[in-house]
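The sequence and the coordinates come first.

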Amino acid sequence: MIGVVIFYLHVIGIVAVFTRNYMRGGVSEGLLGAAFFALIFTVGWTFSSFLLKLVVSPEGLATWCDRNTLGLLLLTVLEYVLYRLYFWDYLFRAETTPQK
């Protein structure tokens with residue numbers, strides 16, 4: 001269940017990035033932003049699963065929190081830090097028009 005919520009949050013994130021970039025630069029910018037988001041997700045999930053495979057057993061911590069769920073949780077935290085530090089201003093700053 002936790003995995004479904006995390007996937008749903010990522011779908012919302014991809015739609016938000018696509019929409020924001022589409023409004024700024026058109027379809028190609030929107031697709032590039034969504035592809036970049038998806039690339040970070042897939043590579044990050046692979047990397048976090050690899051790290052957790054070294055430390056956690058396949059059963060995980062409980063029946064509802066196995067190793068894959070822990071990998072997704074770790075990925076979500078790392079993605080939040082990445083997007084907050086590097087992309088927050090780009091994604092959410094207000095559009096200003098130049099004054100003449």
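R20 lies in helix 1, where helices are DSSP runs of H or I with at least four residues, strands are runs of E with at least two, and both are numbered from the N terminus. With a relative accessible area of 25%, R20 is partly exposed. The classes used here are buried for under 20% relative accessible area, exposed for over 50% and partly exposed in between, with a 1.4 Å probe and protein chains only. Between the C-alpha atoms of R20 and G30 the separation is 7.2 Å, and the two residues are 10 residues apart along the chain.

The model is a predicted one, in which local features need pLDDT of at least 70 and side-chain atom pairs count only at pLDDT 80 or more, while totals for chains, interfaces and linings use all residues. Residues are numbered from 1 along each chain as its sequence is written, and side-chain values use heavy atoms, with hydrogens and water left out.

**Overall architecture**

The protein has 3 helices and 0 strands, in the order α-α-α along the sequence. Of its 100 residues, 27% are buried. A contact means heavy atoms within 4.5 Å. Among contacts between residues at least 6 apart in sequence, 58% join residues at least 24 apart. The accessible surface comes to about 7,400 Å², and carbon and sulfur atoms hold 72% of that surface. These areas come from the Shrake-Rupley method with a 1.4 Å probe, and for residues only the protein chains shown count as cover.

M1, V4, V5, Y8, L9 and I12 make a nonpolar surface patch of about 670 Å². Patches consist of residues with over 30% relative accessible area and no salt bridge; like charges are joined within 9 Å and nonpolar side chains (Val, Leu, Ile, Met, Phe, Trp, Tyr) within 5 Å. A salt bridge is a side-chain nitrogen of Lys or Arg within 4 Å of a carboxyl oxygen of Asp or Glu.

**Aromatic pairs**

A pair of aromatic rings is described by the distance of the centres and the angle of the planes. Rings of Phe, Tyr and Trp (its six-membered ring) pair if their centres lie within 6.5 Å; planes under 30 degrees apart count as stacked, over 60 as edge-to-face and the rest as tilted. The whole structure holds 5 aromatic pairs. One of them, F7 with F41, is edge-to-face, at 5.8 Å centre to centre and 70° between the planes. F7 lies in helix 1 and F41 in helix 2 (residues 27–55), so this pair ties together parts that are 34 residues apart in sequence. F18 and Y22 form a stacked pair, because their ring centres are 5.9 Å apart and their planes stand at 15°. F18 and Y22 are 4 residues apart in helix 1, which puts about one helical turn between them. F7, F41 and W45 form one aromatic cluster.

| Residue | Class | Relative accessible area |
|---|---|---|
| F7 | partly exposed | 35% |
| F41 | buried | 12% |
| F18 | partly exposed | 28% |
| Y22 | partly exposed | 39% |

G33 belongs to helix 2 and is buried, at a relative accessible area of 11%. Leaving aside neighbours within four places in sequence, G33 is in contact with V17 and N21. G33 and A16 are 17 residues apart in sequence, with 9.6 Å from C-alpha to C-alpha.

L75 is in helix 3 and is buried, with a relative accessible area of 3%. Beyond its neighbours within four places in sequence, L75 is in contact with I40, F41, G44, W45 and S48. The C-alpha atoms of L75 and S49 are 8.8 Å apart, for a separation of 26 residues along the chain.

E79 is also found in helix 3, residues 67–92. Not counting residues up to four places away in sequence, E79 touches H10, I40 and F41.
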